[in-house]
Amino acid sequence: MGAGNVKRGRPIGSISAAADYLGPGAIETNRYQAEIFDLVRRRGVLGQRINQTPATGQPSRYFEELAIPTAAAADPRVLSATASQPNRVEQVLNLKAILAQLNYSIFDVEVNQQQGQFAYLEAKDLTDAVDSVLKEHDKELWIGSDTNLVIPTTLQYYGISGQIVTAPFVAPQGTSAYPPGMSQNAVISASGSLVDGVKQQVAYMVARTDFEVKPSAFYASPVFLDLFDREAKTLQLYYNETEIQPGVIVKAIPTQAGLLPLIPEPFIPIEVAYPGATIKQYEGFILSEEFIEYHWLTSPVPRVFQLGLLGNLAAQFVILKFGAVVAKGASYAHAEIITNR
């Protein structure tokens with residue numbers, strides 16, 4: 001055996017080779033810091049800002065009003081009117097489940113307790129399992145693979161990116177707020193201004209006379225928002241700043257809806273423009289956040305259930321979250337921005 005594979009006459013990896021050094025007056029053994037270095041991502045941003053509301057059942061239901069009754073000018077001496085009524089439609093969304101499971105071996109737990117080096121490890125493992133449910137929740141809020149709120153096609157949420165992109169555009173009634181060919185899915189050319197493109201789309205949304213749209217934030221990948229920063233630096237644009245969470249301050253651009261925060265959301269993916277291309281497709285979303293709702297069952301936060309001991313005396317915990325997300329007014333209250341760079 002080569003010298004590189006021997007540690008004081010024992011093979012490296014041998015369980016008996018526990019001492020780092022043996023010498024006169026010294027036996028040095030392995031010790032570790034009591035805290036585990038942990039920078040693992042646990043949450044996105046959107047899941048901490050949207051409305052949480054109890055589900056009405058399975059499925060959860062609500063009504064959406066698309067138009068109010070119409071009125072018209074009339075001769076004050078010959079009053080005549082045509083009867084009309086509000087246009088309301090029923091909307092439903094099926095609830096989904098997100099699960100995580102954690103098993104504690106009684107032997108390993110008792111060894112850890114007796115060593116006392118990582119006294120907090122059981123609690124940390126359980127907290128990490130809860131965070132795994134929240135992380136999956138935050139990811140599926142954006143890119144859940146379901147394609148229908150009424151008839152589920154997968155076990156995941158129907159992500160709001162899919163809801164907005166596939167929603168049939170409701171053209172403004174009796175107004176030219178949107179130029180011909182424009183919709184809630186806007187494309188900014190590779191040479192176009194990102195800032196101007198977003199500002200223009202917000203102006204179109206606010207200019208509608210049929211819906212009172214309230215854009216409140218622009219969500220995109222941090223890499224996409226870096227392109228905004230580069231443009232601002234090149235053109236010497238001035239950015240405002242706004243606080244989106246306690247202690248979290250982001251850049252914001254002035255729009256016809258007020259300051260629009262540019263919020264980095266790591267769960268919005270960056271795609272290749274086409275197979276084999278080096279050009280990337282960047283996607284962002286202008287959201288009216290008050291109309292993004294998460295319908296929860298029993299509790300808006302994950303619940304932890306401890307099951308009975310298994311045959312091998314392992315303790316079993318199951319973390320559970322029931323609910324679903326809906327982008328109300330997906331056809332008109334929100335917008336997608338795409339560019340290839």
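**Exercise 1.** Is Arg-208 buried or exposed, and at what relative accessibility?

*Solution.* The model is predicted: local features need pLDDT of at least 70, side-chain atom pairs count only at pLDDT 80 or more, and totals for chains, interfaces and linings use all residues. Residues are numbered from 1 along each chain as its sequence is written, and side-chain values use heavy atoms, leaving out hydrogens and water. First, apply the classes: buried is under 20% relative accessible area, exposed over 50%, and partly exposed in between, with a 1.4 Å probe and protein chains only. Arg-208, at 5% relative accessibility, is therefore buried. Next, consider its partner: Arg-208 forms a salt bridge with Asp-210, the closest N and O atoms being 3.0 Å apart. Such a bridge requires a side-chain nitrogen of Lys or Arg within 4 Å of a carboxyl oxygen of Asp or Glu.

**Exercise 2.** Determine where the partners of the Glu-65 and Arg-88 salt bridge lie.

*Solution.* The closest N and O atoms of Glu-65 and Arg-88 are 2.9 Å apart. Glu-65 belongs to strand β6 and Arg-88 to strand β7, 23 residues apart, so the pair links distant parts of the chain (strands are DSSP runs of E, at least two residues; helices are runs of H or I, at least four; both are numbered from the N terminus). As for accessibility, Glu-65 is partly exposed at 33%, whereas Arg-88 is exposed at 52%.

**Exercise 3.** Describe the Asp-128 and Lys-124 salt bridge.

*Solution.* The N to O distance is 3.4 Å. Both residues lie in helix α2, four residues apart, about one turn of the helix. Asp-128 is partly exposed at 25%, while Lys-124 is buried at 15%.
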